[in-house]
Structures are given as structure tokens and as C-alpha cells.
Amino acid sequence: MKERVFLEEEQEISIDQPELYRVYLLNDDYTTMDFVVHVLMTIFEKSKVEATRIMLYVHRHGKGLAGIYPKEIAETKVAQVESLARANGFPLKCSIERDDQ
Ligand code: TYC
């Protein structure tokens with residue numbers, strides 16, 4: 001059975017915001033550009049245009065932001081990238097940094 005709860009107007013509630021983490025892709029000399037674009041599209045849900053832009057940024061500057069997520073999701077993304085890379089014989093690596101919100 002549903003219970004009806006009446007709330008007063010303008011009540012204040014506080015919601016815990018999860019800490020966010022920035023996931024970066026790191027450049028290397030061996031992972032192919034196509035594979036990095038594939039990783040960005042499949043694991044980080046980027047469009048082909050955006051994935052290509054990020055991949056070229058990483059290639060030129062050494063590292064680039066792939067996405068910002070709550071800690072567990074960020075760690076899962078890193079594990080997914082690195083296991084897919086190893087399975088395909090690439091040394092691609094990520095780094096994680098806490099986001100100063
Ligand atoms: N530097 C690589 C090459 O020239 C391409 C590359 C881009 C690798 C981004 C990793 O995160 C990376 N094939």
C-alpha cells in the first residue's frame with residue numbers, strides 16, 4: 001500500500017554530490033590512431049568527429065581529456081581501455097585526476 005506524505009513548501013534538503021574524476025588518455029608511439037578513435041567512441045561514447053579531435057589533441061600534446069565521471073565509473077573506464085588495448089597488442093594508457101569541482 002502507498003502512503004501519502006505531505007511536504008511543506010520550501011523545505012531544504014542537502015544532496016551529497018559524488019566526487020568527480022577526470023580520465024585522460026596518454027600518448028604513445030605504438031597505438032594506432034584508428035584504435036584510439038575506436039576507444040573514444042565505444043568506451044567514452046564520443047562521436048567520430050569528437051573522438052578524432054581528442055585523439056589528435058593527445059597525439060600532439062601528450063595527454064587529453066576523455067571524460068569526467070564519479071570515481072567508480074572513471075576507474076572502470078580506465079580498466080576497460082587498458083584491457084581492450086592489451087587484447088589488441090597496444091600499450092595505450094590512461095590517467096585519472098580528481099576534478100576540483
Ligand atoms: N601517437 C600515436 C601514433 O602516432 C597515436 C595515439 C594517439 C596514440 C593518442 C595514443 O592516446 C593516444 N600512432
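Before the first stop, a word on handedness: a crossing is left-handed if the near helix is turned anticlockwise from the far one by less than a right angle, and right-handed if clockwise. Also, this is a predicted model, where local features need pLDDT of at least 70 and side-chain atom pairs count only at pLDDT 80 or more, while totals for chains, interfaces and linings use all residues. Residues are numbered from 1 along each chain as its sequence is written, and side-chain values use heavy atoms, with hydrogens and water left out.

**Stop one: two helices.** Select residues 33-42, helix H1, and residues 71-87, helix H3. (Helices are DSSP runs of H or I with at least four residues, strands are runs of E with at least two, and both are numbered from the N terminus.) H1 passes H3 in a right-handed crossing. They pack at an angle of about 145 degrees with their axes 11 Å apart; the axes are lines fitted to C-alpha atoms over the stretch in contact, and angles run from 0 to 180 degrees between N-to-C directions.

Now show side chains. Phe35, His38 and Val39 in H1 meet Val81, Leu84 and Ala85 in H3, where contact means heavy atoms within 4.5 Å. That contact divides into five nonpolar residues, one polar and no charged.

**Stop two: ring pairs.** How many aromatic pairs are there? The count comes to two, taking rings of Phe, Tyr and Trp (its six-membered ring) with centres within 6.5 Å; planes under 30 degrees apart are stacked, over 60 edge-to-face and the rest tilted.

Phe35 sits in H1 and Phe90 in the loop between H3 and strand S3 (93-98), 55 residues apart. Both Phe35 and Phe90 are buried (under 20% relative accessible area; exposed is over 50%, partly exposed in between, with a 1.4 Å probe and protein chains only).

Next, pick Phe44 and Tyr69, another tilted pair, at 6.3 Å centre to centre and 40 degrees between the planes. Phe44 lies in the loop between H1 and helix H2 (48-61) and Tyr69 in strand S2 (residues 63-70), so the pair ties together parts 25 residues apart in sequence. Phe44 is buried at 3% relative accessible area, and Tyr69 is buried at 15%.

**Last stop: Val49.** Select Val49 in helix H2. Is Val49 buried or exposed? Val49 is exposed, with a relative accessible area of 69%.

Definitions and conventions:
Nonpolar A, V, L, I, M, F, W, Y, C, P; charged D, E, K, R; others polar.
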